Amino acid sequence: MTSASPLPGFDDLRVAVIGLGYVGLPLAVEFGKSRSTVGFDLNADRVIALQAGADSTGELAPEQLAQAPNLKFTNDLADIADCNFYIVAVPTPIDQHRQPNLGPLLSASRMVGSVIKRGDIVVFESTVYPGATEEDCLPLVEQGSGLVLNRDFFAGYSPERINPGDKTRPLTSIVKVTSGSTPEAADLIDNLYASIIIAGTFKAASIRVAEASKVIENTQRDVSIALINELSIIFSHLDIDTNAVLDAAATKWNFTRFSPGLVGGHCIGVDPYYLVHKSIAAGHIPDIIRIAREINDGMARHAVSLLVKKMIQKEARVKDGHVLVLGLTFKQNCADIRNTKVLDLFGNMQSYGMNVDVYDPWADAAEVRDVYGIEILKDLPVAGGYDAVILAVPHDELIEIGAQGLRAMLDPNGVLFDMKAVFDQTESDLRL
């Protein structure tokens, strides 16, 4: 019987981070402060920009990138072949049928399989359903390398908890869940992450437990927001302001406040579908999670129906009307446009024959054009004439304009729709 390969020593770990997006880049920078680290990404333009000290996501400033003297960036797979600790941090989106799209993750697994060696470790951070690491990813690593898990190489799962655009909770201040394919590997993986995570780590009982812990974090938030969104729909029929109700209810000590709104992005709007997929495959239909997703995915349609009703009441033009949507990214003060539900707003308004302009000071115009085929305004309009102005994403720059400033962009009969209830109820015509 062949004995298992020894794990590398802690001081000998050389890290490769595969995928340099919102998750991978902060990791690579933190590890690169103290040990040999290579950041790998298939996007050559992304690598060139990072080599020049520029992060197009806006998450890290040039001076932060410069704080990692042991970090180098590459799009050449040969440059990570000398590493012995591989971290996979690639996107796990859904397809047009709202099914898990593991394409990027499986591709990254094959890449690892082409470079991994005896004694090496691979850790996955991408959000998946329980079992994906061991059932979908690691067999590809074995196949590509000819090595055997837990004999020749080792594995782990440590779910990402990055919150894009949140400068108050950087990577190092968020507790990190870790796990490993053997107790010894779990200890080494946990120790490595603990060396950069000030908030500390939590070693899960198994890889599957760690996977499940991540996917339920966002599922819980999705279900909670869905309840508030459904209450918002009910209150709209009763002519009650939802946020006024929430203000009153929040005075009770054990009331947890969530706000109604669009639920997009790469986490809350995606992760529950992974759990639904795995649950159905296991023979159980998860009704609460599934219906919560339906409610949240339908909020753009509900918002536009409220807008049309209010426009008719105020005798604003609907068909051939002009609407200005402020904000396109999936959340405020963030450049991330992945799975933004503002796009659903756009499509629903167009179905009523409206002409829609979009302005977002954070979104990259070229990326929006390439991904969604939409031309966004370069500058904020300074004059009026719009039949409706929708504050969809409350970036700080947009809030600073103020309700009166936004009203100045309206036709006299126009509607100001403050979707996130940023302003006082008396300052807008409509809120969710």
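I looked up I240 to start: it sits in the loop between α7 (207-237) and α8 (242-249); helices (H or I, at least four residues) and strands (E, at least two) are DSSP runs, numbered from the N terminus. I240 is partly exposed, at a relative accessible area of 39% (buried means under 20%, exposed over 50%, partly exposed in between, with a 1.4 Å probe and protein chains only).

For the record, this is a predicted model, in which local features need pLDDT of at least 70 and side-chain atom pairs count only at pLDDT 80 or more, while totals for chains, interfaces and linings use all residues. Residues are numbered from 1 along each chain as its sequence is written, and side-chain values use heavy atoms, with hydrogens and water left out.

**Surface patch**

I checked what I240 belongs to. Together with I234 and L238, I240 forms a nonpolar surface patch of about 260 Å² accessible area. Patches take residues with over 30% relative accessible area and no salt bridge, joining like charges within 9 Å and nonpolar side chains (Val, Leu, Ile, Met, Phe, Trp, Tyr) within 5 Å. A salt bridge here is a side-chain nitrogen of Lys or Arg within 4 Å of a carboxyl oxygen of Asp or Glu. The areas come from the Shrake-Rupley method with a 1.4 Å probe, and for residues only the protein chains shown count as cover.

**Six-stranded sheet**

I traced an open sheet of six strands, in the order β3-β2-β1-β4-β5-β6, with parallel pairing (two strands pair if DSSP finds at least two bridges between them). β3 and β6 (154-157) are the edge strands, and each pairs on one side only. Neighbouring strands are turned by 20° against each other on average, direction ignored; axes are lines fitted to C-alpha atoms, for helices over the stretch in contact, and angles run from 0 to 180 degrees between N-to-C directions.

I then went through single pairs. β5 (residues 121-124) and β6 run parallel over four bridges, and V123 has G156 in β6 as its bridge partner. Helix α1 (residues 24-32) packs on this sheet and touches β1 (15-18), β2 (37-40), β3 and β4 (85-88). The direction of α1 makes about 145° with that of β3. Contact means heavy atoms within 4.5 Å.

β4 got a separate look. Which way do the side chains of β4 point? F85 and I87 point one way, Y86 and V88 the other, and all are buried.

**N70**

I found N70 in the loop between α3 (62-65) and β3 (71-74). N70 is partly exposed at 34% relative accessibility. Leaving out residues up to four places away in sequence, N70 touches G32, K33, S34, R35, S36 and T37.

**Four-stranded sheet**

I traced another open sheet, of four strands in the order β10-β9-β11-β12, again with parallel pairing. β10 (355-359) and β12 (410-418) stand at the edges with a single partner strand each, so one side of each has no neighbour in the sheet. Neighbouring strands of this sheet are turned by 20° on average, direction ignored.

β9 (residues 322-326) pairs with β10 in the parallel sense over five bridges, and V323 has V356 as its partner in β10. Helix α11 (residues 299-313) packs on the sheet, touching β11 (386-391) and β12, at about 150° to the direction of β12. Helix α12 (residues 342-351) also packs on the sheet, touching β9, β10 and β11, at about 160° to the direction of β10.

I looked at one residue of α11, H302. H302 is buried, with a relative accessible area of 10%. Apart from residues up to four places away in sequence, H302 touches S232, I233, S236 and L432.

**Positive phi**

Most residues other than glycine have a negative phi. I noted E315, which is not a glycine and has a positive phi near 60°. E315 lies in the loop between α11 and β9 and is exposed at 66% relative accessibility. A421 has a positive phi of about 55°, and is not a glycine either. A421 lies in the segment after β12. Is A421 buried or exposed? At 18% relative accessibility, A421 counts as buried.
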